[in-house]
Amino acid sequence: MISRMQGNAQNSLEVYEVISMINMIVAIGKNREIGRGNELLAHIPEDLKYFKKRTSGSIVIMGYNTYESLPFGALPKRENIVITRKDIDIPKAHVVSSIEAAVEKAKALQDNHEVFVIGGASIYEQFLPHASKLFITHIFEDFKDADTYFPSFEDEWKIQSIDGSSENIGHDYPHVFAVYERK
Ligand SMILES: NC(=O)c1ccc[n+]([C@@H]2O[C@H](COP(=O)([O-])OP(=O)(O)OC[C@H]3O[C@@H](n4cnc5c(N)ncnc54)[C@H](OP(=O)(O)O)[C@@H]3O)[C@@H](O)[C@H]2O)c1
């Protein structure tokens, strides 16, 4: 389904209140690094599987750069919402021109779907104040050449659960899957 929704002047807080839960999902390095040259920092099959499992059947909200970074376009088995100021249509995605319009669209589609904000940096930054839960894959690596970062969150969020098998820890890129809730 292809659609386009214009941004509007509605009070943004009012708009966010209609969504029961906004989740964010991200993989970060030791310094909250998330990307380089509009790509991910590392190929971690376990993390891609985790991402797929968590987000399948959900609504995913992303910025245009993140959409462009996807190798096969819109993500299957999910309602894709892409935020851009460009006047374009995107196959199998809902295109919106503001974060408020993204939330409005998610609300219209919701019908028991969960909502996941999937990046990138600018979109995480704008949604973080409105998020209820963070699904963060911590990669224990310093990515020196990163050029995009997840916003600072540590002061306002605490770990709810953490999961990582010996396989994750023994991986070329050791990592764990953490879920955060607000303090
Ligand atoms: N590690 C992870 O888990 C993870 C996840 C996702 C992404 N990433 C990485 O993050 C990087 C991309 O992040 P990014 O910050 O450069 O890009 P982004 O957030 O994906 O997209 C930025 C674009 O979104 C649109 N946009 C943002 N805010 C908007 C607003 N309020 N209203 C209308 N449009 C808006 C603009 O598109 P237009 O310019 O088209 O108007 C803007 O240029 C890549 O390296 C990617 O691989 C990492």
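Arg32 lies in the loop that joins strand 2 (22–28) to strand 3 (33–35) of this predicted model. Its phi is near 65 degrees, a positive value in a residue that is not glycine. Most residues other than glycine have a negative phi, and most peptide bonds are trans. Arg32 counts as partly exposed because it has 19 C-beta neighbours inside 10 Å, whereas a buried residue would need 20 or more.

A further positive phi occurs at Asn38, which is likewise not a glycine; here the angle is about 55 degrees. Asn38 belongs to the loop between strand 3 and helix 2 (45–55). With 12 other C-beta atoms within 10 Å, Asn38 is exposed, since the limit for that class is 12 or fewer.

Gly120 is part of the loop between strand 7 (115–117) and helix 5 (121–127).

Gly119 and Gly120 are among the closest residues to the ligand, together with Gly35, Gly63 and Asn65, in a surrounding shell of 28 residues. Two or more residues of this shell come from each of strand 2, strand 3, strand 4 (59–63), helix 3 (64–69) and helix 5. Sorted by class, the shell holds 14 polar, 11 nonpolar and three charged residues.

The protein chain contains six helices and 11 strands. Of its 183 residues, 35% are buried. Among contacts in the chain with a separation of 6 or more, 68% are between residues 24 or more positions apart.

Within the chain, the largest nonpolar core comprises 40 residues, and those with the most contacts inside it are Val26, Ile61, Ile81, Ala102 and Val117. The elements that each supply two or more residues to this core are strand 2, strand 4, strand 5 (79–83), strand 6 (93–96), helix 4 (99–109), strand 7, helix 5 and strand 8 (133–139). Strand 2 makes the greatest contribution, with six residues.

Which residues does Val26 contact, leaving aside its neighbours within four places in sequence? They are Ile34, Gly119, Tyr124, Ile136 and Phe150.

Terms used. Residues numbered from 1 in each chain as written. Predicted model: local features only at pLDDT ≥ 70, side-chain atom pairs only at ≥ 80, totals over all residues. Helix = DSSP H or I, 4+ residues; strand = E, 2+ residues; numbered from the N terminus. Near = placed C-beta within 6 Å. Nonpolar A, V, L, I, M, F, W, Y, C, P; charged D, E, K, R; others polar. Contact = placed C-beta atoms within 7 Å. Core = buried A, V, L, I, M, F, W, Y, C linked by C-beta atoms within 7 Å.
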